[in-house]
Amino acid sequence: MNILFTCHYNFNPNAGAIGVTLRLQQEYQRLGHQVSFYCLDDLPSRLHSLLKVAAFPQFVASHISTLNRQQGLDVVDASTADSWFHSFLRQSKIQNPKSKIQNPLVIARCHGLEHIEHEEYLEEVRRGNLRFSWKYPLYRGSVRLWEAAASMRNADLGLFLNQRDRAYAIDCLGVRPEKAHVVPNGIPESFLHQPFEPLTDTPIRIAQIGSYIIRKGVHYGTPALNTILTRYPQVEVTFLGTECSPDTQDSPAQVYADFDPAVRDRVKVIPYYAHARLPELLKGHHIKVFPTISEGFGMALIEAMACGLVPVTTNTPGPREIVKDGHDALMVPCRDSEAIVQALERLISDRPYLEQLRRHAYETAQRYSWAAIAKDNLAFYEKARYLRKELP
């Protein structure tokens with residue numbers, strides 16, 4: 001098949017949605033498919049970054065039309081909101097009996113439903129943790145949500161990362177159930193079957209992986225970690241991938257400032273890292289804190305598990321698809337700092353239990369091979385092809 005991926009971000013193989021898309025692309029190519037990729041970096045450089053995001057669906061529609069005329073596309077696998085304008089044009093062409101161009105199958109791939117994320121942001125505003133900029137309701141909080149819903153409704157297939165996102169799309173956005181499926185992300189083969197390092201008498205080390213932003217639950221995770229560091233002098237914490245830059249107000253100093261001065265010497269911040277280095281950076285760590293308030297899947301969660309870390313995670317839809325409380329993780333209510341403290345204390349004070357959950361987490365992670373997940377995705381393509389022929 002000739003497959004086009006689109007993703008409304010700048011090209012960064014270490015980032016979430018782009019990284020996932022690139023790994024699927026690699027697996028498809030290994031299976032003999034022709035695959036191309038289209039992202040914000042392919043738009044004219046003279047355009048402002050905000051304009052690039054807003055106009056991306058129009059550029060996608062033009063790119064699809066050009067490739068389809070030149071090569072004949074079989075599948076367009078588009079991140080949510082990317083394909084709404086193409087779908088609009090496609091519907092017009094379907095109604096035009098003179099059109100002889102075969103339309104490719106259109107996939108709406110959801111990397112985490114924006115409508116649910118929007119609702120969680122509204123809750124943070126209500127709690128006083130967030131204030132929207134004047135720009136947010138003009139696009140992200142309005143038009144963007146409409147575009148995402150239109151993309152999913154009009155696609156031949158919608159792929160979601162968890163059951164809640166799928167149910168929301170069906171119940172609230174008008175997506176047809178037979179066109180909506182759940183398929184997980186995977187982790188690189190190099191992360192699988194890492195040597196499992198048994199727990200020793202070394203200090204307990206906790207890792208938090210991901211951007212230091214509200215959606216990742218920093219308002220709840222950081223106070224809990226501050227409490228743990230104060231109570232347990234043998235515990236250390238590492239933040240990885242906070243995406244802080246010394247040239248901006250979001251410097252690593254911001255992370256340190258959120259901790260009591262007496263414990264900062266046991267806090268380490270690594271703003272950026274090459275994704276392939278994550279197993280090396282996680283060596284000697286035992287617990288992964290994941291206080292997210294909204295998560296489609298949780299790549300950092302499963303990658304840390306593959307490196308022998310047991311998660312303490314919020315009971316949000318993405319993590320809930322991956323782990324089982326008390327077996328390979330401890331799950332806590334969302335937005336509950338005290339529950340995070342209690343879960344961490346349980347693991348710190350009971351090393352045999354910590355070791356048991358670490359081993360189970362490691363075993364769970366081995367199931368998430370990109371090679372197998374790519375084949376599952378392709379099977380959904382074939383099912384969608386069949387449905388497109390059968391459905392009115």
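Visitor: Which residue is the bridge partner of valine 76 in S4, and what makes S3 and S4 a pair?

Guide: The bridge partner of valine 76 in S4 is valine 106. The model is a predicted one, in which local features need pLDDT of at least 70 and side-chain atom pairs count only at pLDDT 80 or more, while totals for chains, interfaces and linings use all residues. Residues are numbered from 1 along each chain as its sequence is written, and side-chain values use heavy atoms, leaving out hydrogens and water. Strand S3 (residues 75-79) and strand S4 (residues 105-109) run parallel and are joined by five bridges; pairing asks for at least two DSSP bridges between two strands, so S3 and S4 qualify. Strands (E, at least two residues) and helices (H or I, at least four) are DSSP runs, numbered from the N terminus.

Visitor: Why are S9 and S12 said to stand at the edges of their sheet?

Guide: The sheet is open, with six strands in the order S9-S8-S7-S10-S11-S12 and parallel pairing. Strand S9 (267-270) and strand S12 (330-332) each have a single partner strand, so one side of each is without a neighbour in the sheet. Within this sheet, strand S10 (residues 287-290) and strand S11 (residues 310-314) pair in the parallel sense over four bridges, and phenylalanine 290 has threonine 313 as its bridge partner in S11. Helix H12 (residues 337-349) packs on the sheet, where it touches S7, S10, S11 and S12, and its direction makes about 165° with that of S12.

Visitor: Why is the pair of tyrosine 28 and tyrosine 381 called edge-to-face?

Guide: The structure holds twelve aromatic pairs, and in this one the centres lie 5.9 Å apart with 75° between the planes. Rings of Phe, Tyr and Trp (its six-membered ring) pair if their centres lie within 6.5 Å, and planes under 30 degrees apart count as stacked, over 60 as edge-to-face and the rest as tilted, so 75° makes this pair edge-to-face. Tyrosine 28 lies in helix H1 (residues 16-30) and tyrosine 381 in helix H14 (residues 370-390), so the pair ties together parts that are 353 residues apart in sequence.

Visitor: How do you know whether asparagine 185 is buried or exposed, and what does this residue touch?

Guide: Its relative accessible area is 5%; buried means under 20%, exposed over 50% and partly exposed in between (1.4 Å probe, protein chains only), so asparagine 185 is buried. Asparagine 185 lies in the loop between strand S6 (180-182) and strand S7 (205-209). Leaving aside neighbours within four places in sequence, its contacts include Val20, Leu161 and Trp370.

Notes. Contact means heavy atoms within 4.5 Å. Axes are lines fitted to C-alpha atoms, for helices over the stretch in contact, and angles run from 0 to 180 degrees between N-to-C directions.
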